[in-house]
Amino acid sequence: MPRAILLLRVSLAVGAWQVVDAQPKRLRIVNGCQSAPIWIAHEAAATGGPDPQNNKIDPGQAWDFVTTDGLAATRYWPKMGCNESGDHCGLGGSGGPGPTCV
């Protein structure tokens, strides 16, 4: 697999007045890599979180994640070189809720 540099840009929307959904989406992850998709896995408060697991983000595209009020803990991590379901990755496979370890 060719080596790639993974660039992520994370933006936080400030102010609840910007939210129009029932669940606030205040975390946007942008795939800054122009040559390969990335997948984002996540945990929120020791569960998989409110969003689907293994969100595929194509080059130059973004995904807005739900971040509920009162969320005490969460983590997001990028994965690359994955199969089409976002598993068996060359980079970033951690075995969190849902993903399989490589």
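Is Tyr-76 buried, partly exposed or exposed in this predicted model? Tyr-76 is partly exposed, as its relative accessible area is 23%. The views below place this residue and others in their surroundings.

**View 1. Three aromatic residues, Trp-63, Phe-65 and Tyr-76, are linked into a cluster by ring pairs.** A pair of aromatic rings is described by two quantities, the distance of the centres and the angle of the planes. Two aromatic pairs are found when the whole structure is searched. In the pair formed by Trp-63 and Phe-65, the distance is 6.2 Å centre to centre and the planes make an angle of 55 degrees, an arrangement classed as tilted. The two residues can also be described by their accessibility: Trp-63 is partly exposed, with a relative accessible area of 29%, whereas Phe-65 is buried, with a value of 0%.

**View 2. The rings of Phe-65 and Tyr-76 form an edge-to-face pair.** Their centres lie 5.0 Å apart and their planes stand at 65 degrees; because angles over 60 degrees count as edge-to-face, the pair receives that name. This pair links distant parts of the chain, 11 residues apart. Phe-65 belongs to strand β5 (residues 62-65), and Tyr-76 to strand β6 (residues 74-79).

**View 3. The charged end of Arg-75 sits over the ring of Trp-77.** The distance from the charged end of Arg-75 to the centre of the Trp-77 ring is 3.9 Å.

**View 4. Strands β4, β3 and β6 form an open sheet.** The three strands follow the order β4-β3-β6, and their pairing is antiparallel. Strands β4 (55-57) and β6 stand at the edges; each has a single partner strand, so one side of each is left without a neighbour in the sheet. From one strand to the next, the twist averages 25 degrees.

**View 5. Strand β3 (residues 38-44) is joined to strand β6 by six bridges.** The two strands run antiparallel. Within this pairing, Ile-40 stands opposite Pro-78, a residue of β6.

**View 6. The side chain of Asn-31 reaches the backbone oxygen of Ile-57.** The distance of this contact is 2.9 Å. Asn-31 lies in strand β2, which covers residues 27-31. The residue is classed as buried because its relative accessible area, 1%, falls under 20%.

How values were computed:
Residues are numbered from 1 along each chain as its sequence is written. This is a predicted model: local features need pLDDT of at least 70, side-chain atom pairs count only at pLDDT 80 or more; totals for chains, interfaces and linings use all residues. Side-chain values use heavy atoms; hydrogens and water are left out. Helices (H or I, at least four residues) and strands (E, at least two) are DSSP runs, numbered from the N terminus. Buried means under 20% relative accessible area, exposed over 50%, partly exposed in between (1.4 Å probe, protein chains only). A polar contact is a pair of N or O atoms within 3.5 Å; within protein, one must be able to donate a hydrogen and the other to accept it, and residues adjacent in sequence count only if both atoms are side-chain atoms. Rings of Phe, Tyr and Trp (its six-membered ring) pair if their centres lie within 6.5 Å; planes under 30 degrees apart count as stacked, over 60 as edge-to-face and the rest as tilted. A charge sits over a ring if NZ of Lys or CZ of Arg is within 6 Å of the ring centre and within 35 degrees of the ring normal. Two strands pair if DSSP finds at least two bridges between them. Axes are lines fitted to C-alpha atoms, for helices over the stretch in contact, and angles run from 0 to 180 degrees between N-to-C directions.
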